[in-house]
Amino acid sequence: MNDSGNDKYLLTPGPLTTSLATKRAMLHDWGSRDTEFIAITGRIRDRLLAIAGVEDSHAAVLVQGSGTFGVEATLGTLIASGQRTLVLENGAYGKRIVAILERIGREVSVLSWPEDQQVDPAALDAALGEDPSIEHVVVVHCETTTGILNDMVAIGRVCGVHKRRLIIDGMSAFGAIPIDGNSVPFDALIASSNKCFEGVPGMAFALIAREWLETTEGNAHSVSLDLYEQWRGLEANGQWRFTPPTHVLAAFDQALAEHREEGGVAARHRRYSANRDILVSGMRELGFETLLADAVQAPIIVTFLMPADQRFDFTRFYDDMSARGFVIYPGKLSIADSFRIGCIGALGPAEMRAAAAAVKATLEAMGIGDLASMATNQASSLNRTET
Ligand SMILES: Cc1ncc(COP(=O)(O)O)c(C=O)c1O
């Protein structure tokens, strides 16, 4: 699957392993006001809307920066001062949304769940029934903290019944977990180039209901993160207001073509699901335990509990895996000591089987032969890494 030369495989939530053609797409220089580059930007915007099935109702607004820039730009542009937003939080990215809203001075209410539990639509229903001052709801589709999937169809239905706006952080889901404007009537969906679309990092985007976006002039707390102005600029002449990440866009254009050739969201979901299943069964055979129940585990990234075995040293495990060509990811949990292994990127079954074999070889090198006896250690504090 992966033809990317001698690079290590990135078993992380992004940046991740990209195809050779996607890397090659960056071997050119583009003028940001040139017709060829304007066509690339236009193609990407159209394609993203089509993937979500919202060509007629929404606008795709692109913004420079990582995913968090896209989240902050979207929240700051769409939510006016004085409007109250309810955040449904079951992990670090939900907490980051709360932090952004507080920092930019918006009114925030929060409903929280433990990191290993899904957001409960019934609790959302009750909260919206009790508090008419809540105008907007924000939720993370796949909480990358753990890899847990939230039920967007149920959450969308509740928001629809109560007529509240729904903003989805689909950063680690859009492109591989099906979502469309019919089954989930969302008002805004935020994601980035470098996760399930397998592009390179440097650009985020939001698909925003046009009738809402049109009313948001002057809301934004920031000049560069003002998506209303960004949209007006893109609509006026197809150009970005400020220097665009031209090479990132070219790579994203190629990555989107590959996404389509593969068979779109359904095919990507199948490949990532197969990747996850190979990974999880290989790790379980070695004695590792997953944090999440299989029913709520997205095919994006898997959290494994840290073995209690004194001989297991995570730093050494990480370094050995890296030396064997696989970059894994530290944990980000507050409820258990853990580490994560991603199953997204230009990777298939052969790479996931090789990763499981590398874990086995690494354990053997650490002198841990009796794998079945590895109890897990859920009590101690964590390896908290901000990404
Ligand atoms: C669900 C979710 N939201 C937001 C972000 C932030 O994206 P970035 O790290 O690109 O700023 C991430 C990153 O992994 C994510 O998984």
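I began with a strand pair: β11 and β14 (residues 338-342) run antiparallel to each other, joined over five bridges. I noted that this is a predicted model. Within the pair, I found Val 302 standing opposite Ile 341 of β14.

I then traced the rest of the sheet. It is open, has three strands, and reads β11-β14-β13 with antiparallel pairing. I marked β11 (301-305) and β13 (329-330) as the edge strands, since each pairs on one side only. A reminder to myself: strands of a sheet pair through backbone hydrogen bonds, either parallel or antiparallel.

Next entry, the ligand. Which residues come nearest to the ligand? I listed Ser 66, Gly 67, Thr 68, Thr 144 and Met 171, out of 14 residues around it. I sorted the shell by class: eight residues are polar, five are nonpolar and one is charged.

Then I went through the backbone. Most residues other than glycine have a negative phi, and most peptide bonds are trans. I logged the exceptions below.

The first entry is a peptide bond. Gly 14 to Pro 15 is cis, and omega is near 0°. I located Pro 15 in the loop between β1 (9-10) and α1 (20-24).

Lys 163 came up next. Its phi is positive, about 55°, and it is not a glycine. I placed Lys 163 in the loop that runs between α6 (152-162) and β8 (165-169). Is Lys 163 buried or exposed? I counted it as exposed, because it has 8 C-beta neighbours inside 10 Å, and 12 or fewer is the cut-off for exposed.

Glu 198 also went on the list. Phi is near 65° here, again positive in a residue other than glycine. I found Glu 198 in the loop between β9 (188-192) and β10 (203-209). Why does Glu 198 count as buried? I see 29 C-beta neighbours inside 10 Å, so Glu 198 counts as buried; the cut-off is 20 or more.

Last, I checked confidence. The average pLDDT of the chain is 94, and 94% of the residues score at least 70. I flagged residues 378-387, where pLDDT is below 50. In the model this stretch has 13 contacts beyond near neighbours in sequence. Where pLDDT is low, the predicted coordinates should not be read in detail.

Definitions and conventions:
Residues numbered from 1 in each chain as written. Predicted model: local features only at pLDDT ≥ 70, side-chain atom pairs only at ≥ 80, totals over all residues. Near = placed C-beta within 6 Å. Nonpolar A, V, L, I, M, F, W, Y, C, P; charged D, E, K, R; others polar. Helix = DSSP H or I, 4+ residues; strand = E, 2+ residues; numbered from the N terminus. Pairing = 2+ DSSP bridges. pLDDT = per-residue confidence, 0-100. Contact = placed C-beta atoms within 7 Å.
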